[in-house]
Amino acid sequence: MKGAEKHSAFSAVPTESVRESDFFEATSERERPVESKIPVGRTRVLFLNRSFWPDREATGQFLTELCDDLSTDHEVTIVAGPSYHTKDGNLGGFRLWSRERRGKVTVIRTSGTRFSKSNLAGRLVNLGTYYLLAAIVAYRLPRPDVIVAETDPPLLGALAAVLKRRWGCRLVYNVRDLYPDIAEVTGGVRSPFLLELLRRGNDYAYERADLIVTLGHDMARRIVDKGVPKEKVVVVPDWVDCGRIRPLESNPFRRIFGNKFVVMYSGNIGLSQQLEAVLEAADRMRDDDRILFAIVGEGARKNWLQERARAMGLNNVRFMPYQPLEQLGESLNAADLHLIPLAPGAAGCLVPSKIYGILAAGRPFIAMMEDSAEVAQIARDDAVGFVVRPGDVEALVGAIREAADAPEHLKQMGLRARRLAELRFDRTKVTSMFGSMLAGVAT
């Protein structure tokens, strides 16, 4: 297809190299193995983040795995909020928080509200109650060596900066979502007061953090552009358990799609994804009997998206719920081609974590985002995916048809994807890198 050539992952596309960036202080070469440098003695680490096991949100799942792995060599405590995925998310009675153990990890779980996340006011109340109770709980804890604050809720970095001053310890700000940038891009927050509060709170955290960890080089650049010294910013990506998610020869989950060429979106159906473009592509491809679009997951915009698909009469689009974590490998393997969309302007505000499972499953993908985005750079530099501009439905249709017409090329992309996951993004390698970084900060 001549019109789709500029979107091909198989042709050489000149792009600005960011892989040997000074931002990535943990390794200056992509192939360099990660070495564990945990010193003698256990570092006392306090994590602050609302989402944690048994939540199914990506943030909570990654933090749970990180805490599990770090607890082998460190004393790990997490102040988490009530789970959205259990019936008794509030602790019951008059307890404001409880203490439990998950393996070697100490979990202090606050009580709080669990209003629907589709409503901004309810979400703000949920985050506010967690923030207040987390502050009270953390203030009563013994001094840690290092505080690691994540961005759920967005102002946890500011709270951690206050705690750092109280204890005289070190602070690592683990920025998983860049605020207020992502809120402005998606329109999730429109109040000038709230946007300014987010800006000031994060500036306060950036200034007082000993180290700022980002998920990608695009995010690191955005933070440095805010005036943060480059030497304070490092990149540590998310990861995947390559033993748990791997290419499958036989996959029962795949059978429900028949002999179709399955184009799948799997993950949160929220504001930062531009899934309207996927429906538009499905509309243009409705007469191509080979292609089936599968949208797997939940989120604030799922009902709206389903209603729109019904109104458009899209029989080639199938919606499915989140699959159990233990079946994620089967679900990801069921796709011939994955979709990783980002809203225009969201590059550098977050790095979609779904890419790591897709790579481990040995599946290629289409990055629907700006060329500067981390995932787009991986797609091009490692020849494991396509890149189309966000909202460019014509290019998206062209890339899907090109992929469907080139099964051998797609297979080779999948093989490269799996090798990349094993080399750079395997769980044990990346969490070891994080542990080494924490030990270095604490000394």
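This is a predicted model: local features need pLDDT of at least 70, side-chain atom pairs count only at pLDDT 80 or more; totals for chains, interfaces and linings use all residues.
## Surface and overall make-up

Of the 443 residues in the chain, 58% are buried.

As for secondary structure, you'll find 14 helices and 14 strands. Take the contacts between residues at least 6 apart in sequence: 76% of them join residues at least 24 apart.

Two packed helices are described by the angle between their axes and the distance between the axes.

## α1 with α14

Start with helix α1 (residues 58-70) and helix α14 (residues 427-442), whose axes come within 10 Å and cross at roughly 70 degrees. Angles of 65 to 115 degrees count as roughly perpendicular, so that is what α1 is to α14. The crossing of this pair is right-handed.

On the α1 side, E65, L66, D68, D69 and L70 do the touching, and they meet R427, T431, F434, G435 and L438 of α14. Sorted by class, the contact of α1 with α14 holds 4 nonpolar, 2 polar and 4 charged residues.

## α3 with α5

Next up are helix α3 (residues 156-167) and helix α5 (residues 192-208), packed at an angle of about 45 degrees with their axes 8 Å apart. That angle makes α3 oblique to α5. The crossing of α3 past α5 is left-handed.

Which residues make the contact? From α3 they are G157, A158, A161, V162 and K164, and from α5 they are G201, Y204, A205 and R208. The split by class is 5 nonpolar, 2 polar and 2 charged.

## α7 with α8

To find the contact, pick out E276, L279, E280 and D283 on α7, then W304, L305, R308, A309 and M312 on α8. How many residues of each class does the contact of α7 with α8 have? There are 5 nonpolar and 4 charged residues, with no polar ones.

Note on methods
Residues are numbered from 1 along each chain as its sequence is written. Side-chain values use heavy atoms; hydrogens and water are left out. Axes are lines fitted to C-alpha atoms, for helices over the stretch in contact, and angles run from 0 to 180 degrees between N-to-C directions. Helices (H or I, at least four residues) and strands (E, at least two) are DSSP runs, numbered from the N terminus. Angles under 35 degrees count as roughly parallel, over 145 as roughly antiparallel, 65 to 115 as roughly perpendicular and the rest as oblique. A crossing is left-handed if the near helix is turned anticlockwise from the far one by less than a right angle, and right-handed if clockwise. Contact means heavy atoms within 4.5 Å. Ala, Val, Leu, Ile, Met, Phe, Trp, Tyr, Cys and Pro count as nonpolar, Asp, Glu, Lys and Arg as charged, and the others, Gly among them, as polar. Buried means under 20% relative accessible area, exposed over 50%, partly exposed in between (1.4 Å probe, protein chains only).
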